Amino acid sequence: MRADTEIRDRAAAAPRYCAMRRQLVALRGPAAAHRCAGCGGAAQVWSYDGTDPHERTDPARGHRYSLDPARHRPLCRSCHRRATARGASGPLDVERAAWLYRAGASSRGIAALLDASPSAVLRALRANGVPIRSRQKSRR
């Protein structure tokens, strides 16, 4: 057997997104049985934390996920929306947005650069503890 066939066969054997979600619920119980890791309220969904260097993406839905159950956390719907802020081209790179914002870039400029809306940028920055500057009047 050739090496490239082995890799393809192993990748095909890995569970898909829905199967991983079922395994997660079987192992850790429903998310509703836990407190939200973001705000401490009642959790409603399991959410991938985005930290797996070997993360996978479900080809049908585009959802990112990990095969490691420890990389999923219970969140309420509101915290889940904030944690998965998406631009038009995919997940918002919050670390890059925070770095740019701290360096003086505006939320509008960051949004244009990262293909997201200014409100999605601000929501993601707030959710990650970045202090938001007061709005400055434009000088036209």
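# A guided tour of the predicted model

The protein contains 6 helices and 6 strands, where helices (H or I, at least four residues) and strands (E, at least two) are DSSP runs numbered from the N terminus. Along the sequence their order is α-α-β-β-β-β-α-β-β-α-α-α. This is a predicted model, in which local features need pLDDT of at least 70 and side-chain atom pairs count only at pLDDT 80 or more, while totals for chains, interfaces and linings use all residues. Residues are numbered from 1 along each chain as its sequence is written, and side-chain values use heavy atoms, with hydrogens and water left out.

**The whole chain.** Display the surface: the protein exposes about 9,600 Å², of which carbon and sulfur atoms supply 50% (Shrake-Rupley method, 1.4 Å probe). Of the 140 residues, 29% are buried (under 20% relative accessible area; exposed means over 50%, partly exposed in between; 1.4 Å probe, protein chains only).

**The largest pocket.** Select Y48, R64, R73, A83 and T84, which among the 37 lining residues lie nearest the centre of the largest pocket. A pocket here is an open set of points on a 1 Å grid over the protein atoms alone, where a 1.4 Å probe fits, with protein on both sides within 12 Å along at least five of seven lines; lining residues have an atom within 4 Å of a point. The volume of this pocket is about 920 Å³, taken as the space filled by probe spheres set on the points, which are joined across faces, edges and corners. Next, colour α3 (77-83), one of the elements that supply at least two lining residues; α3 gives the most, with 5 residues.

**The salt bridges.** The structure holds 3 salt bridges, each a side-chain nitrogen of Lys or Arg within 4 Å of a carboxyl oxygen of Asp or Glu. Begin with D52 and R71, whose closest N and O atoms are 4.0 Å apart. This pair links distant parts of the chain, with D52 in the loop between β1 and β2 and R71 in the loop between β3 and β4, 19 residues apart. D52 is buried, at 12% relative accessible area, whereas R71 is partly exposed at 24%.

D68 is partly exposed, at 31% relative accessibility. Together, D52, D68 and R71 are linked in a network of salt bridges.

Finally, select R64 again, together with E55: their side chains form a salt bridge (3.3 Å, N to O). R64 is partly exposed at 34% relative accessibility, and E55 is partly exposed at 30%.
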